[in-house]
Amino acid sequence: MNLLAQIAQITRLAEKVLKGATLAFEEACLLLATPAEVTPFLLGAADVIRKHFRGRQVDRCAIVNARSGRCPEDCRFCAQAARYPTQAPVYPLLPADEIRRRAQAVYAGGIRRFSLVTSGRDPGGDFDKILDLIRMLRQELPELQICASLGVLRPEEARALKKAGLSRYHHNLETAASFFPQICTTHRYADRVATILTAKEAGLEVCAGGIIGLGETPVQRAELAFALRDLDVPSVPVNILHPIPGTPLEAAPPLPPLEILRTLAVFRFILPRATIRYAGGREHNLRDTQALGLAGGVDGLITGDYLTTHGQGIPRDRTLIRDLGLEI
């Protein structure tokens with residue numbers, strides 16, 4: 001297919017989405033195969049879809065690594081898996097004063113969504129303390145939306161989190177169902193889906209996405225996006241693998257920036273009404289091309305630092321958003 005035909009195809013599929021129709025799986029795979037020469041046109045079409053359904057605002061959130069390391073799971077990308085010799089920090093649940101300090105700093109930076117993230121399969125013995133932290137933050141910073149990522153949830157835990165004032169629960173699918181066994185063997189893909197459904201049944205919003213660059217194919221990235229669409233997930237963080245020394249994926253080859261940007265744009269075609277959120281690895285992998293994602297379908301980002309790696313900082317992210325004529 002020549003370049004003009006490629007452009008016509010992108011235009012046709014963008015018009016289909018703008019009219020409210022859903023993209024077919026085969027159509028998404030065609031878009032993921034867009035050649036580099038036409039990728040800027042694909043990004044432009046994704047941006048039109050984003051602004052039509054989502055407007056010009058960029059949703060910022062921040063996270064805190066509230067309990068780090070010693071995770072018994074074997075996710076091959078994870079710095080906090082106990083079985084891998086990484087240099088990730090190891091510490092128990094942070095004290096309330098430290099969580100308060102970090103939340104206040106986030107709030108002072110103009111961010112209104114803050115997530116407590118703990119390592120491990122599930123909340124474990126810290127669950128009651130986590131409930132107390134949520135109540136404290138809701139009382140002291142009532143305009144700050146509190147999220148959490150605590151691993152596998154039981155229904156009664158999800159209901160307790162909702163009652164304590166949690167607004168959103170985060171639990172990534174990580175990757176496509178067809179690729180998941182190559183990334184993790186200590187729990188199943190179905191367990192992740194079940195936790196998302198448990199959170200929704202308790203009345204919590206959900207945030208769920210995954211990681212690209214694990215060795216999956218572009219078709220499997222489309223598979224992940226369609227699974228998120230089927231689950232009706234409103235917030236979709238897309239991480240890009242930042243290889244950590246000591247993990248099995250430490251030598252994984254990086255994805256080319258244009259391939260990352262194409263993936264994000266196609267996620268917008270598949271999930272036109274969701275927040276597509278830049279997550280970990282964007283600075284490391286995209287470098288100076290980060291702005292193209294925000295001009296190509298992305299409308300959210302985690303700002304500040306991540307769990308075990310550093311981000312470029314809240315002020316620089318704020319400048320990036322404003323330089324593109326977008327709104328915070």
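This is a predicted model: local features need pLDDT of at least 70, side-chain atom pairs count only at pLDDT 80 or more; totals for chains, interfaces and linings use all residues.
Strands β2 and β3 (residues 145–149) lie side by side in the parallel sense, paired over 5 bridges. Here, two strands count as paired if DSSP finds at least two bridges between them, and helices (H or I, at least four residues) and strands (E, at least two) are DSSP runs, numbered from the N terminus. Residues are numbered from 1 along each chain as its sequence is written, and side-chain values use heavy atoms, with hydrogens and water left out.

**Around β2**

β2 has a partner on the β1 side too: β1 and β2 pair in the parallel sense, again over bridges, 5 of them. Across from S115 in β2 you'll find I63. To get from β1 to β2 the chain passes through α4, and this β-α-β crossover is right-handed. Right-handed means that, with the strands pointing away from the viewer, the path from the first strand over the helix to the second runs clockwise. Another right-handed β-α-β unit is made by β2, helix α5 (residues 127–140) and β3.

Is β2 enclosed or open? Strand β2 (residues 113–118) is largely enclosed by the rest of the structure, because 6 of its 6 residues are buried. Buried means under 20% relative accessible area, with exposed over 50% and partly exposed in between (1.4 Å probe, protein chains only). R113, S115 and V117 sit on one face, F114, L116 and T118 on the other, and all of them are buried.

**Around β7**

β7 is mostly covered as well, with 6 of its 6 residues buried. S235, P237 and N239 point one way, while V236, V238 and I240 point the other way. Strand β6 (residues 210–212) runs parallel to β7 and is joined to it by 3 bridges. I212 stands opposite I240 in β7. β7, helix α9 (residues 257–270) and β8 form a right-handed β-α-β unit.

R221 belongs to helix α8 (residues 218–230). It counts as buried because its relative accessibility is 4%. Which residues does R221 contact, leaving aside neighbours within four places in sequence? They are I212, E216, L255, E259, T263 and F267, where contact means heavy atoms within 4.5 Å. R221 and T263 are 42 residues apart along the chain, yet their C-alpha atoms are separated by 7.5 Å.

D47 is found in helix α3 (residues 39–54). At 11% relative accessibility, D47 is buried too. Not counting residues up to four places away in sequence, D47 touches L294, A295, G296 and G297.

**Pockets and cavities**

On a 1 Å grid over the protein atoms alone, a cavity is a set of points where a 1.4 Å probe fits but cannot get out, while a pocket is an open set with protein on both sides within 12 Å along at least five of seven lines; lining residues have an atom within 4 Å of a point. Grid points are joined across faces, edges and corners, and a volume is the space filled by probe spheres set on the points. There are 2 cavities of 30 Å³ or more.

| Space | Volume |
|---|---|
| Largest pocket | about 380 Å³ |
| Second largest pocket | about 280 Å³ |
| Largest cavity | about 1100 Å³ |
| Second largest cavity | about 50 Å³ |

The largest pocket is lined by 20 residues, and I63, R102, G304, D305 and Y306 are the closest to its centre. β1 (59–67) and α4 (96–108) are the elements that give two or more residues to this lining.

The largest cavity has 50 lining residues, with F77, H170, N172, E174 and L307 nearest its centre. The strands that each supply at least two of its lining residues include β2 and β7.

Residues lining the second largest cavity include I212, I240 and L255.
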